[in-house]
Amino acid sequence: MTITLTGSCFCRSLEYKITLNSVDDARTTLCHCGNCKKAFGTNYGLTSKIPKSAFQYTKGKPKEHAMDNGGGSVVTREFCSECGSYILEYGAQAKNDFRFVTLGSLDNPTALPPKGEFFTKDRLDWMPQIPNTFQKREIKE
Ligand SMILES: [Zn+2]
Ligand SMILES: [Zn+2]
């Protein structure tokens with residue numbers, strides 16, 4: 001059974017729709033890397049990896065920012081030019097296949113619970129591990 005999820009930025013200038021064949025087509029993860037800390041403005045990034053074809057903007061057009069992630073790979077981030085909310089990202093490798101959508105931009109973030117954590121070596125000391133998820137010291141893709 002296909003499922004449809006909706007989401008938006010804070011001011012709702014941007015709205016989007018995700019259509020999945022099953023929730024198993026989405027992989028939600030935390031990422032503790034330094035880039036995610038900066039991009040999210042918090043101590044970790046939280047995104048759900050979905051097929052590119054599953055994602056569609058239904059309102060508005062995002063602003064894009066592309067930059068080398070510091071490791072020789074260009075990462076593109078899309079966000080609202082009005083309120084600044086961060087909607088999604090993708091690296092050069094994933095560009096044609098996947099989108100990493102910020103979980104908090106979903107209207108119902110509980111729909112896609114986390115399956116794992118990346119860059120746990122950079123986890124802040126006070127941040128607990130999420131139980132029953134895979135743990136990777138580094139590498140996100
Ligand atoms: Zn907005
Ligand atoms: Zn990261």
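A residue is called buried here if 20 or more other C-beta atoms lie within 10 Å of its own, exposed if 12 or fewer do, and partly exposed in between, with C-beta atoms placed from the backbone. By that rule, buried residues make up 31% of the 141 residues in the chain. The structure is a predicted model, in which local features need pLDDT of at least 70 and side-chain atom pairs count only at pLDDT 80 or more, while totals for chains, interfaces and linings use all residues. Residues are numbered from 1 along each chain as its sequence is written, and chains are lettered from A and ligands numbered from 1 in the order in which they are written.

**Overall form**

The radius of gyration, taken over C-alpha atoms, is judged against a globule rule of 2.2 Å times the number of residues to the power 0.38. With 141 residues, a compact globule would have a radius near 14 Å, and the chain agrees because its own value is 14 Å. Along the principal axes, the C-alpha atoms of the chain fill a box of roughly 40 × 35 × 25 Å. Where a contact means two residues whose C-beta atoms, placed from the backbone, lie within 7 Å, residues 24 or more positions apart account for 53% of the contacts with a separation of 6 or more.

**Strands and sheets**

Helices (H or I, at least four residues) and strands (E, at least two) are DSSP runs, numbered from the N terminus. The chain has 1 helix and 11 strands, and read along the sequence its pattern is β-β-β-α-β-β-β-β-β-β-β-β. Two strands are said to pair if DSSP finds at least two bridges between them.

One open sheet holds 8 strands in the order β6-β7-β8-β9-β4-β3-β10-β11, with mixed pairing; its edge strands, each pairing on one side only, are β6 (63-68) and β11 (134-135). Another open sheet has 3 strands in the order β1-β2-β5 with antiparallel pairing, and its edges are β1 (3-8) and β5 (55-59).

| Strand pair | Bridges |
|---|---|
| β7 (residues 74-79) and β8 (residues 86-91) | 5 bridges |
| β1 and β2 (residues 15-20) | 6 bridges |

R77 stands opposite E89 in β8, whereas the bridge partner of L5 in β2 is I18.

**Annotated span**

An unreviewed UniProt entry lists residues 5-120 as "domain: CENP-V/GFA"; positions follow the numbering used here, feature names are shortened, and annotations may be inferred rather than shown by experiment. In the model, the end C-alpha atoms of residues 5-120 lie 29 Å apart, and the span is 6% helix and 47% strand.
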